[in-house]
Amino acid sequence: MNNNSIIIKIVFLRFTKFTYCMDLFQKIKQNRGPLGQHAKDAHGYFTFPKLEGEIASRMHFNNKEVICWSINNYLGLSNHPEVRKADAEAAKQWGLGTPMGSRMMSGDTIWHEKLEKELSSFMQKEDTILLNFGYQGMHSAIDALVDRNDVIIYDSESHACILDGVRLHMGKRFVFPHNDVRNLEKQLKRASKIVEESGGAILVITEGVFGMAGDLGKLKEICELKDHFEFRLFVDDAHGVGTMGETGIGTGEHLGVQDQIDIYFGTFAKSFSSIGAFISANQDVIEYLRYNIRSQIFAKSLPMPIVIGALKRLEIMRKDSSLKQNLWAITKKLQAGLKNSGFNLGHTESCVTPVFLSGGVGEATNLTVDLRENYGIFCSIVTYPVVPKGVIMLRLIPTAVHTDDDVEKTIDAFKEVKDKLFSGEYQSDKIAKF
C-alpha cells in the first residue's frame, strides 16, 4: 500500500460515521432499567414520594396526615430536643463548610477524632474511621481491603453497596445462598485452595440485620467456621446499631460474637438519624484504611455539624436505654398484632417488619393507594424485581416515637386491605393512578 492509499484510508475513517454504533442517549431512552421503566407511572407517588413536616410517627403526604412507617428513625432522635439543639448550635458556630478539604490534607479536627474514639469505645474495637456516606464508604472499603490475589465470599442478599464493592474486586469472588452456612463452608474450601496458590487471603462479608426482610445474619455460625478456616469477617450492621444488643452495640452483641467480628460497619443514617457512617476494627486495619480508602482520601471531610450532632446522638444512645426499650415495645406490639391477624412476616428477628402478600404490580399499587389515601397509612411498597414475581412486600419500620394508637390503627387497616386484596378488589394489570 502506497502513501496516497494510506492517507485516503485515514481520511475515510476519520469522516465516516459508522452506522452500526448506537448513540448512548438513544440506548438509554430504549432501556430505562428494571425500576426506571415505571418512572412515568410511579414518579412522585410510589417512587420519590414527598413526606412533609417534622420527622415523626405522623407526617403529611399528598396533603393528608399519615402514620409513617417508612423512615429509619429507629430511636426517634431526629426531633429529640437535645439533638436539635446540638445540631443548631453546631451549624451556627461552624456552618456547613467547616472543615474544608479531605481529612488527609486539611480537613481533620479534634472533634472528628473524638467521635472516632467514642465510637471505638462503644463498639468495643480498637479504632474507627469515619465515612462521608455509608454506600460509597462500604464499596470503597472493600476495594481497599482486597487485591487480585484475595478471595471474597459474600451472602447473596447483601445490600447493594456490598454488591457494588464486590464488583470492584479484580480477584475471585464467590456468593453463598442467603444464610446458608453449609454452602459458605463449601465456598471457603474452594477459596482456601485458591489462596494457597495465590498467596492471598479470604474476606467473608455478610450483614447483621438484613434491612429488607429483617432476619439476622448467621454470625455465630460463621464465626465458628474460624476454627477450621483462615478468613476475616466483615459485617454490615447498619440496621443493628442502636437497635440490637443489650446496650445497643448491634447484632454482634446480641449474638455474643462482637469480639469475633473483624471489621464492623455502622451508619449514621438509621438509629443516629443523620448521615455518614463508620468502620470499627483493630488499629492496624483502620490505619491502613485511613491511607488507602479512596472515597475518604479524595473527598471533603464530614461537616462539623454532622460530627457534633453524631457525638450528641451517641451520648444519648449510651445513656438513655428507654429509647431502645420504647422501640422494641412498639415493634413487638406491631409484629404480634400482625401475626395474630394472619399476616406472614417472614423470618424477621429485628425491628424491620416485612409483610408478605400475593399479587402483581397492579394489585400492589392499588392496595398502596388505598392504604395511603383512605386509611392514612404510609409504608414502603416492594415488588418485582426486588422480590420475586407475584410477591408484594409492605415494609414497616417501627420507631421509639410511634404510639399504641398508631399500631392499632395500622393493624386494623391492614386487615381490611388484605380482605380487599383476596376478594380481587385491587386486581389490575396496570400501575394504579393517583
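**Entry 1. Strands E13 and E14**

I began with E13 and strand E14 (residues 391-396), which pair in the antiparallel sense over three bridges. I am reading a predicted model, and I keep that in mind throughout. I looked up one partner in this pairing: Val-382 has Met-393 in E14 as its bridge partner.

I then asked which sheet these strands belong to, and in what order its strands lie. I found an open sheet of three strands, ordered E11-E14-E13, with antiparallel pairing. Strand E11 (353-358) and strand E13 (380-382) are the edge strands, since each pairs on one side only. From one strand to the next, the twist averages 25°.

For my own understanding I noted a general point: in a regular strand the side chains alternate between the two faces of the sheet.

**Entry 2. Helices lying across the sheet**

Next I looked for helices that lie across these strands. Helix H15 (residues 361-374) lies across E11, E13 and E14, and I recorded an angle of about 30° between H15 and E14. H16 lies across E11 and E14, and it runs at about 20° to E11.

**Entry 3. H16 against H14**

I followed H16 to a helix that packs with it. Two packed helices are described by the angle between their axes and the distance between the axes. Helix H14 (residues 322-340) and helix H16 (residues 404-422) pack at about 20°, and their axes are 10 Å apart. H14 and H16 are therefore roughly parallel to each other, as an angle under 35 degrees counts as such. The crossing of H14 and H16 is right-handed.

I listed the residues in contact. H14 contributes Ile-330, Lys-333, Leu-334, Gly-337 and Leu-338, while H16 contributes Asp-404, Val-407, Glu-408, Ile-411 and Phe-414. I sorted the residues of this contact between H14 and H16 into six nonpolar, one polar and three charged.

**Entry 4. Two loop residues**

I asked where Pro-398 is placed. Pro-398 sits in the loop between E14 and H16. Is Pro-398 buried or exposed? Its relative accessibility is 0%, so Pro-398 counts as buried. Not counting residues up to four places away in sequence, Pro-398 touches Trp-69, Tyr-74, Leu-327, Ile-330, Thr-331, Leu-334, Cys-351 and Thr-353.

Leaving aside neighbours within four places in sequence, Glu-349 is in contact with Gly-214, Asp-215, Leu-216, Met-244 and Trp-328. The C-alpha atoms of Glu-349 and Phe-210 are separated by 9.7 Å, and these residues are 139 residues apart along the chain.

**Entry 5. The hairpin of E2 and E3**

I turned to an earlier part of the chain. Strand E2 (residues 58-61) and strand E3 (residues 64-68) run antiparallel and are joined by four bridges. In this pairing, Phe-61 has Lys-64 in E3 as its bridge partner. E2 and E3 form a hairpin with two residues between them, and Asn-62 in the turn has a positive phi of about 55°.

What else pairs with E3? Strand E12 (residues 377-378) runs parallel to E3, joined to it by two bridges. I noted that Ile-67 has Ile-377 in E12 as its bridge partner.

**Entry 6. H6 and two helices packed with it**

Last, I examined helix H6 (residues 134-145). H6 packs with helix H7 (residues 160-168) at an angle of about 30°, with the axes 8 Å apart. H6 and H7 are therefore roughly parallel to each other. Their crossing is right-handed. On H6 the contact is made by Tyr-135, Met-138, His-139, Ile-142 and Asp-143, and the residues on H7 include Ala-160, Cys-161 and Ile-162. The residues of this contact divide into eight nonpolar, two polar and two charged.

The axes of H6 and helix H11 (residues 283-290) come within 10 Å and cross at roughly 105°. That makes H6 roughly perpendicular to H11, because angles of 65 to 115 degrees are counted in this way. Ala-141, Ala-144 and Leu-145 of H6 meet Val-285, Tyr-288 and Leu-289 of H11. I recorded six nonpolar residues in the contact of H6 with H11, with no polar and no charged ones.

Notes
Residues numbered from 1 in each chain as written. Predicted model: local features only at pLDDT ≥ 70, side-chain atom pairs only at ≥ 80, totals over all residues. Heavy atoms only, no water. Axes fitted to C-alpha atoms, helices over the stretch in contact; angles between N-to-C directions. Parallel < 35°, antiparallel > 145°, perpendicular 65-115°, else oblique. Left-handed = near helix turned anticlockwise from the far one by under 90°. Contact = heavy atoms within 4.5 Å. Nonpolar A, V, L, I, M, F, W, Y, C, P; charged D, E, K, R; others polar. Pairing = 2+ DSSP bridges. Buried < 20%, exposed > 50% of the residue type's maximum accessible area, 1.4 Å probe, protein only.
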